[in-house]
Amino acid sequence: MSKEHQPIFASAARTATPTPATIACESGQGLFFINVTAASATPSVVFTISGVSPNGSTLYTILASAAITGTGLTVLRVSPHLTAAANTIAKDILPSALSIAAAHADSDSITYSMHFVGVDD
């Protein structure tokens, strides 16, 4: 069983949508940890995990979270062995390149980090 760990978004207070992160992926399945440590007013962020096509020019959605509006840990899971569940689990495999976007609904501050842990089993 091999594991890979990659930071996607470093912990920081954000008030606007950051540039999507693109990461190489060596695992066919994995966990995406979103840790929100502070929120002011009514922030709302939706995280979208997209696969990058082999030619690098097309993205396709693998999983989109529900809106995250407060502090706490959210875990998104992608695996062909799990039962799909809206906004939390995708029954899919991960391609060799991923694009991860965090879409902010407003300019209220929210502090979060996001990490990926890939597992082949």
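The structure is a predicted model, in which local features need pLDDT of at least 70 and side-chain atom pairs count only at pLDDT 80 or more, while totals for chains, interfaces and linings use all residues. Residues are numbered from 1 along each chain as its sequence is written, and side-chain values use heavy atoms, with hydrogens and water left out.

The protein contains zero helices and nine strands. Helices (H or I, at least four residues) and strands (E, at least two) are DSSP runs, numbered from the N terminus. Along the sequence, the pattern is β-β-β-β-β-β-β-β-β. The radius of gyration is 14 Å, close to the 14 Å that the globule rule gives for 121 residues, so the protein is as compact as a globular protein of that length. This radius is taken over C-alpha atoms, and the globule rule is 2.2 Å times the number of residues to the power 0.38. The C-alpha trace spans about 40 × 30 × 25 Å along its principal axes. Of the 121 residues, 42% count as buried; here buried means under 20% relative accessible area, exposed means over 50%, and partly exposed lies in between (1.4 Å probe, protein chains only). Among contacts (heavy atoms within 4.5 Å) between residues at least 6 apart in sequence, 74% join residues at least 24 apart.

Four strands form an open sheet with antiparallel pairing, in the order S2-S8-S4-S5. Two strands are taken to pair if DSSP finds at least two bridges between them. Strands of a sheet pair through backbone hydrogen bonds, either parallel or antiparallel. Strand S2 (21-24) and strand S5 (59-64) stand at the edges with a single partner strand each, so one side of each is left without a neighbour in the sheet. On average, neighbouring strands of this sheet are turned by 30° against each other, direction ignored. For such angles, axes are lines fitted to C-alpha atoms, for helices over the stretch in contact, and angles run from 0 to 180 degrees between N-to-C directions.

Within this sheet, strand S4 (residues 45-52) and strand S8 (residues 97-104) run antiparallel and are joined by seven bridges. Val45 has His104 in S8 as its bridge partner. Strand S8 is also joined to S2 by four bridges, again in an antiparallel arrangement, and Ala21 has Ile100 in S8 as its bridge partner. In a regular strand the side chains alternate between the two faces of the sheet. In S2, Ala21 and Ile23 make up a covered face, whereas Thr22 and Ala24 make up an uncovered one.

Three aromatic pairs occur in the structure. Rings of Phe, Tyr and Trp (its six-membered ring) pair if their centres lie within 6.5 Å; planes under 30 degrees apart count as stacked, over 60 as edge-to-face and the rest as tilted. Phe9 and Tyr112 form an edge-to-face pair, at 6.2 Å centre to centre and 90° between the planes. Phe9 belongs to strand S1 (residues 2-14) and Tyr112 to strand S9 (residues 110-120), so this pair ties together parts that are 103 residues apart in sequence. Phe9 counts as buried at 5% relative accessibility, and Tyr112 is buried with a relative accessible area of 0%.

The ring centres of Phe32 and Phe116 are 4.7 Å apart and the planes stand at 40°, so this pair is tilted. Because Phe32 lies in strand S3 (residues 29-39) and Phe116 in strand S9, the pair ties together parts that are 84 residues apart in sequence. Both Phe32 and Phe116 are buried. One aromatic cluster is formed by Phe9, Phe47 and Tyr112.

Not counting residues up to four places away in sequence, Thr111 touches Ser11, Ala12, Ala13, Asn35, Val36, Thr37 and Ala38.

Two loop residues complete the description. Ala41, in the loop between S3 and S4, has a positive phi near 60° although it is a residue other than glycine. Ala41 is exposed, with a relative accessible area of 65%. Asn87 is placed in the loop between strand S6 (72-78) and strand S7 (89-90), and its phi is a positive value near 70°, in a residue other than glycine. Asn87 is partly exposed, with a relative accessible area of 35%.
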